Each structure stands twice: as C-alpha cells, then as structure tokens.
Amino acid sequence: MLKRWMLRGGLFAGFAGVACAQHAALLPRVQQVRYGTGVLPLCELAAPPSGADAIVLDELRAMILSRCPEHGVKPIALSIERAGEDLPGTDDAALKDSREVYSISVRADGVTLNAKTSAGLFYAVQTLRQMVEGSSLPLADLVDVPSMPYRGFMMDMSHGAVLTVAEVEKQIDVLAAFKANQYFFYVETDLDLDGYPLLHKDSNWTKDDIRTIVAYARERYIDVVPCVELYGHLHDLFRLERYSDLAALEHGGEANPADARVQKILEDWLRQYAALFPSRWLHLGFDEPFELERAGSKAAGGVAPDVLWLQHLQTLAKLTASLGKRPLFWADIDEGAYIFNKYPMLAAGLPKGAIAVPWFYDARADYSKLLDLFATNHVPILVATGISDWDSIVPDFESSFINIDGFLAVGRKAGAMGMMNTEWSDSALALHREALPAVAYGAVAAWQAEPVDRTHFFAEYARVRYAPTAAAKAADALAEIEKAQALLRDALGSETSFRMFDDPFQPLVMRRILVHAKELRDARLAAESAEENLITAGNSDEVESLLLAAKMLDFAGMKFLYATEIAANFHALPAKPTSSDISYLLKRETSSRNHSRVGDLIDISGELEELSTREWGKQYKPYRLATAQARWRAEQEFWRHFQASVWTVTRSFKEGNARPTLNDVLAVR
C-alpha cells in the first residue's frame, strides 16, 4: 500500500485539504502532509491488540487512555512491508529507498499507519502523537521519510560527570521521540574490560550496564555505537606507572603505536568492544593526537607523524572490518590537532570504506571549506556538530543551533551520510539534562530536509515535551536562558563555566566587566524571567535542572555586577572619610553579615553548591562530584575571606586616616 501511494503520487487524491498553518507544527517536519476538514475524536479509537512491537502498542494505548476513560471502536490499522532492518545498517539509503519511510492516514472511520519496517512504524507513532490537538486527531494524510539515513548523538562519558544508566535512557527517549537512530557511547578508559583491574573506578561502566542500554535503545530503534579512543586521550592508562612507558610522552595521553606492547593492548580492547556492542559500526577515535609531533615520532623511531598516524589507523581499521564492523575515525579539520590541515595528503590514503567524522563545534558564518578535502577524495563523511555546554554555565543554545544548521548544510552539499551531534563534558560542571532541547534539535535537523525553524523551535519542542499547561512557560524559559547565556558570553568571554569563578577584582577582569555592565544586568533579568517561568511551570526532572541553570546564570551576573559596585563603594569614599562613611559604604553596603553584597554572594554560592549536589545525584554517578563541589566551596570561601578582610581593614580605621582602598582589603592574608 505504502509503495503504491508514493509511486503513483496519489496519496492526497480526492482529499479536501486545509492549510497546515491551522494545525500544530510537527517536529521534525514531515515531507508531505495534507489536512482535511474535521477531526477524529481519540475516544472513538480502539488501540490495536497486536500487529506491532510492544512499545508501539503501548504508546498508542497511552495516547488514547491519557484522554479517554476507555477505548472506542474505530480501528488503528498497522502494517509493515517487511520484517527486520530495524537498526541502521552499514550503508543505508535515504529518501524513497529508506527503510524508515512511513505514512499516516487519519479518516473519520479510523487511522491507518503503514511503514516499510517496524522502525518506520515506530516513527509513525511519534508523529501521530504530535498530531493530537486537544482530544482529537485532525483528518489528514501524510508521507514522511528522513533526509539523512544516519542521525546520531554522541555522549561523552569520560571527561566530566558520568551519567547513570537511567539518565542515558532519558536521553534515548528524547532521541527516539525526535527520530534519531544512533547513540554514540564515548568512553576512554571508563568501561570495565577484562584484564585491566587498575583502570577500574566505582563509576566505570560494567558490561551489564552496556547490555541494558543497548537493549533499551534497541526497543526504540536506536543503535548504540561504541565511540572509543585507540590513539590519543588515554592519559588514564598512562598515568599508571605500569603503563607509563607505553605513551609517546611518559605519563602523557597518547599511545606510541610503534610499540608492540601498545598494539597488543589496543587490539585486545578493540576485540572486547566489538564483542560487547552488537552495532555494525565502531568508532576508533584518533582525534587530537597533540603528542604526535612533539614526542610521537621520536618515540616511534623517527617515523614521520603523518605516516605513523595513517599506519596505525590502517592497522586498526583492518582489524575492525575483520570483526564485521565498519570503522569510523575523527578527522581533525580546523580543530583539535589540525591533522588534515597539516597533512592533506592523508585523505588519499585512508582505509577503504572507513568513515571520516570531521568535527567542528564553534558558531561560524561559513563552514563551506571544512569538507572539501574529504568530498574530493570520495571519503565517506559523517558530520560531527557540537552542543556547546562543555565550557558554558548552561548550554549555549545560540552557538549550538548555528553550528548544527551551518555545518549540516555543508554536509548535505558534500554528500554526507548523516550527522553525529556531540555533547562533551570537559568542565566537569555541566548538567547535561539542561541540553535535551539541543539533543532534540540535532535529531530534528538531520531528519527533515528543510532547515529547522529556529525562531519557533523552543515552543514546538516544549509542546512535545511538556504538559499543555507548562509548555508555554517552559518555552519562554528556554528562550530566556539562551539569551542570558549569550549575554554572559559577551560580557565575560567564552568558557563561562570557568569565567564564572574568576577573581572579579583582577584588573583585566574588572576592566572588562565595567565595559559590559549592561550585558551583565540584562543577563540577570533574563535569568530571573526564566526562573519565574520555571517556578510556575510545575515540577519535572527537566524543569528542576533548568531552574538550577537559571539560578547559576543569575549568580554569575550578580557576582560581577556586585564586584563593580563594591569597587565603586571604595572609590566613593572621600580622601579623609568619616566613621559614618566607612560604616555605610564598607561595613553595611559591602560586607554586612547579611543583606549586603558580599553576604549575598556567600549565601548564594553556598546554596548553589547544595542545589548542584542534589541535581548531580539525580543525573550522575558520584565520580567527580567533589571536583565540582570544590569550585563552589572555593567561591564561597573567596567571599567569606573578602568579608573578613574588609572587617580587618575597617576595624583599624580612625577618624582622620586616609581612606582604605580595595587593594588594602585584597592584600589581607
């Protein structure tokens, strides 16, 4: 039925249509849709007892029963053309040949969902759920097909906090709802492999953890792909004395591939990864080999850096293929170690069939040159975009969306197979649940052929993710968080999660924040608007995490604004101040035990440590929590010490003395 409709182009024949604008936007956009006049009440529908996988049936029943006390009698008919092909293969096609194509027909007498495979049927249900308006479905016919066959997301499990299995499952749920089909599981030495007990940490992933995640994702038609490191990023191995001499630079982070002992370890790891993950893809790493030229070639007996890199890739790619997997590798271009900028001739000698993953995460006006080298050499490409939250107080949605849109557009022109949207955790502070809108954005961008409507994205996302009573407030909050983060980025510079803890009285910092006082104030206003919306949006896991995000943005703006005001209080003192001047400007306004600028900063930094710790416990394993706590405790101690120093200086003040200065306070030890 589906194939016949598409080939004859008569899906909408004889169907009186109305404008799509009268109906809720579907996310991702579908390829073809035509609405009729009238609706089909959900309460008239009977969920099918069989005919599909359990998750499809469960979601259809939930869609009806969430609004109706009991089933109706009108049928939901389900059909697929063929069994199998539920997960991405090694060389899938898009558009009309896609295994994921589906169609939906909503008529007055019932609903029909057709698909080529069970995966397509699952996606049809995701769209049908979005089509619900109030307690009815609009009469409609549609056909949908992904614009790219591979639509992935990568989660970093090694640089920062380590997610729990339950949190990974939350991410998978979001990806499934927006039709992604790959979850790249990035680990360095954080997965327990046989034979390496010294690498075990309590936070490590067990093989049972991986099997649980793989099975959960499989039920939602998502392939879990191992994304590992078999060249650089192995410091956790080489910091151990037993393995330190296997690095290109002792106790460094990069393997010496010319050492037979290294090859033995990495080949053993590769075989274990291949056995544990059933995916037909395996990402080998190979990014950022910074020691390649500094020490790698010397350690390898003088082999040229590019030759060494390529020989190592060829060796592991050959083994990967022999294990029935298609190899992928990071391709540094304008990023990382700039391997392909320095050695463009590498592109002509890459292992046949291996997929290059060029990665670039910054917001840029023009991405057009990044893929030319690979396209010219007919190298298969998977574009890697980035969710900018590894060094931001909260996800930098503005930069992330610009990057996804721009790099993906270039990828389409270069014939890329698909996209991998990455999320890294370098700062060890990011709470990744806050980034779920950007996770969804990447999935949407890779499915639909047209660019994402960035202006309305938060509203459309919130409609799918939140209860009707909370959706508008959540959307407004996300927009305000995006605004506040962008303003703080402009005011403080990039890496706001680190800049937030800078000493505001350091001269360079003070000069900058004095220039950007308006941006700091506007950031606070936006953050507080987000807080207000979230407080009244109702409780949910995502809302609570976003509320913490808004509070952190507000604190960052407050801290640096207060610092300028504290400095101004010292400058406002007359050359020969009175005790009353000192009492008002320094003791009361600046450093009173409570209800002062310093008092606020002590209170709120302590509160944020408590809230962050609580939220951490909901999302992550305990590993690196102490690292995050140390930053908040150092912040609180900075202001507590500053307060005590003000008291020390003002206590010794006598009438007729020269005014105390900010430097006098900062000099107290």
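Predicted model: local features only at pLDDT ≥ 70, side-chain atom pairs only at ≥ 80, totals over all residues.
**Cavities, a pocket and a helix pair**

The count of cavities of 30 Å³ or more comes to three.

The largest cavity has a volume of about 90 Å³. Its lining consists of Leu429, Leu431, Met552, Glu609, Ser612, Thr613, Trp616, Leu625, Ala628, Gln629 and Trp632.

From the cavities we turn to the open space. The largest pocket holds about 800 Å³ of space. It is lined by 28 residues, and those closest to its centre are Arg129, Arg463, Val464, Arg465 and Tyr466. Several helices, H2 (54-65), H3 (118-131), H4 (165-177), H14, H15 and H19 (541-572), each supply at least two residues of the lining. H4 gives the most, with five residues. By class, the pocket lining has 12 nonpolar, five polar and 11 charged residues.

Two of the helices that line the pocket, H14 and H15, also pack against each other. Two packed helices are described by the angle between their axes and the distance between the axes. For H14 (residues 457-465) and H15 (residues 468-492), the angle is about 140° and the axes are 8 Å apart. Angles over 145 degrees would count as roughly antiparallel, and the pair is therefore oblique. The crossing of H14 past H15 is right-handed.

On the H14 side, the contact is made by Phe458, Ala459, Tyr461, Ala462 and Arg463. On the H15 side, it is made by Ala471, Ala474, Ala475, Leu478, Ala479 and Glu482. The contact has nine nonpolar, no polar and two charged residues. Arg463 of H14 belongs to this contact, and Arg463 is also one of the residues closest to the centre of the largest pocket.

Conventions. Residues numbered from 1 in each chain as written. Heavy atoms only, no water. Axes fitted to C-alpha atoms, helices over the stretch in contact; angles between N-to-C directions. Helix = DSSP H or I, 4+ residues; strand = E, 2+ residues; numbered from the N terminus. Parallel < 35°, antiparallel > 145°, perpendicular 65-115°, else oblique. Left-handed = near helix turned anticlockwise from the far one by under 90°. Contact = heavy atoms within 4.5 Å. Nonpolar A, V, L, I, M, F, W, Y, C, P; charged D, E, K, R; others polar. 1 Å grid on protein atoms, 1.4 Å probe; cavity = no way out; pocket = protein on both sides within 12 Å on 5 of 7 lines; lining within 4 Å. Points joined across faces, edges and corners; volume = space filled by probe spheres on them.
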